[in-house]
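Here's a quick briefing to read alongside the model. Have the sequence and the 3D view open as you go.

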Amino acid sequence: MSDTQSFEFQTEVKQLLHLMIHSLYSNPEIFLRELVSNASDAADKLRYEALKDDSLLADDPELRIEIETDKDQRTVTIRDNGIGMSRDEVVENLGTIARSGTRKFMEQLSGDEQKDSGLIGQFGVGFYSAFIVADRVTVNTRRAGSEAAVRWTSDGEGRYTLAEIDNRPRGTEIVLHLREDQDEFLEAMRLRHIVKRYSDHIALPVRMRKADDDGKPTDEWETVNAASALWTRAKSDISEDEYKAFYKTVAHDFEDPLRWVHNRVEGNQDYTSLIFLPKRAPFDLWDRESNHGLKLYVKRVFIMDDAKQLLPTWLRFVRGVVDSNDLPLNVSRELLQSSRVVDKLRSAITKRSLDMIESLAKDDPAQFESFWETFGPVIKEGVVEDAGQRERIAGLARWHSTQGDDTTTLDAYIERMPEGQDKIYYLTAENLATAKSSPHIEGFAKKNVEVLLLTDRVDEWVVGHLTEYKGKSLVSVARGEADLKSVVADPKEEAEQARLETLYQDTLERLGKSLEADVESVRLSQRLTESPACLVVGEHAMSRHLEQLLKQAGESGMPGSKPILEVNPAHPILEHLKQLDQDEQFDDLSRMLYEQAVLAEGSQLTDPAAFVKRLNRWVFRDAGNADGADAA
């Protein structure tokens, strides 16, 4: 053995190891599931590389995983004869966390052990789960095709050591030196039970030593799992518990899946798929560039962990396996992007995923509400990205509405539409509170016309593409002129509106001139009943809410259009403006009217301090103390 070198763990690893040891003590047995799963992946990778170089398997072609205990040494050993690791790969895989989004994940950790253990479940614990039960871990490994072997050792406290070793077979051996309170894992029967529970589906044999009549291990090995790929078995032969255990291995999730679909297809296409809906969002759900996709096998041979081409980005939370008999064994990521077979697989799996989601919505509405709250904003991305599924996704979507506190569907909205209404009205806003108190919906509420309240950040993007649903146009109540008269016609109101237009014509012109730097025009509103004013945009202009979102995203250079100021002819402020002769006071109140409209839509003022001064002047003026206010 060469000289031993010592290294520091990456900062994120130190934090994760601390949480492993202190947060997951309530479910320590998952360490075996994770290490067996890693060993299985190592065998899959070797089998794939051996397609190009069969000499990699020549000296030991029977791939397997072995588990054994040593009560005297208080160790549990898990070994495989898979691909193994080089020295550089050991440093990369065991000294750092190279997974996409890791830093974001670590920033979410709060220090609350109960909450953080859930986050770890989303992240996937992998190799580091060994430190749940061990106070020292040794890894001996040699990569296939190389003569150099390496030993990695750590107590999980911040450092690890590396040393070159001799006479090491291909693959990886992990030796766990158990903590004092983990003696249960020295019992072979306990380990057999864990393997059957979590790893029965692993598609290569997991072996342990047979015991003699006295219960002592012998030199003879036996397979303790089914050793066949679960997805290749008939559905009738697979229990719910087996499906759930398989999901936890594939998704590295602690919770059971919400639902799953297992299909075998023969004919024009020949493949098997097993896909799952999770209950909890993965920590990197909003990272569209993160590793996601399904595990891809070709003729039972593992090809890749995250075949993104098999699922659209808006279904990136779906987990599972696809095993195709139509793809070549040497398929690459580049080949997947231009394969007709993959295009057909993607289309079929997308439809199957939507079938599963629709089934959940129909069978368990309460559970679906929770699911939609978590994954709905991501699914709605499909309205933009997948024109072929646009109406189907829109039909699944749940939206808040001015009719009650529960969410609704577009179909339910259409059923409630009064005779004469031929449009679906909506309002986009930063949050539900802002939407519910928005001046834009006042006139619609008065006439009992329902408005959908869209508060997900993705909704502006969605309604830009979902212009109609089942023949009904989607119309923003904050864009263009409110066409309430086309829904609820009232000749008396129309006559009164015409009278008011004449009455306030001069006042509107003065307002337009006073605010010409900020607004395109000023007009009387048909949508306001209580508020003095609101801001709207033209039929084809960018919405005010979308402008806000772009500014928040740093797109400050985006060209925007001036809004239209609508004023309420029934509000005392407009009558007061009509009677004001002094230009200074008129401009002051006009400015304050405009700034109120900006605040009411949830936007920020460019000069809040000036608004406060104006407001104070008018408060004191009304109280007969304008001089004191000016002095202040």
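Helix H21 (residues 572–579) has Ile573, Leu574 and Leu577 as its buried residues; buried means under 20% relative accessible area, exposed over 50% and partly exposed in between, with a 1.4 Å probe and protein chains only. This is a predicted model, where local features need pLDDT of at least 70, side-chain atom pairs count only at pLDDT 80 or more, and totals for chains, interfaces and linings use all residues. Residues are numbered from 1 along each chain as its sequence is written, and side-chain values use heavy atoms, leaving out hydrogens and water.

- Helices (H or I, at least four residues) and strands (E, at least two) are DSSP runs, numbered from the N terminus.

**Cores**

- The largest nonpolar core has 71 residues, and Leu277, Phe317, Phe371 and Ile379 have the most contacts inside it. Such a core is a set of buried Ala, Val, Leu, Ile, Met, Phe, Trp, Tyr and Cys residues joined through side-chain atoms within 4.5 Å.
- Helix H10 (residues 340–363) gives the most to this core, with 9 residues.
- Apart from this core lies another, of 51 residues, with Leu32, Ala50, Leu186 and Val224 among them.
- Leucine 277 touches residues including Pro257, Phe317, Met356 and Phe371, not counting residues up to four places away in sequence; contact means heavy atoms within 4.5 Å.

**H10 against H11**

- H10 and helix H11 (residues 365–379) pack at an angle of about 145°, their axes 8 Å apart. Axes are lines fitted to C-alpha atoms, for helices over the stretch in contact, and angles run from 0 to 180 degrees between N-to-C directions.
- Ile357, Leu360, Ala361, Lys362 and Asp363 in H10 meet Pro365, Gln367, Phe368, Phe371 and Ile379 in H11.

**An open sheet**

- 5 strands line up as E15-E17-E16-E19-E18, with mixed pairing; two strands pair if DSSP finds at least two bridges between them.
- Strand E15 (400–401) and strand E18 (468–469) are at the edges with a single partner strand each, so one side of each has no neighbour in the sheet.
- E18 is joined to strand E19 (residues 472–476) by 2 bridges, and they run antiparallel.
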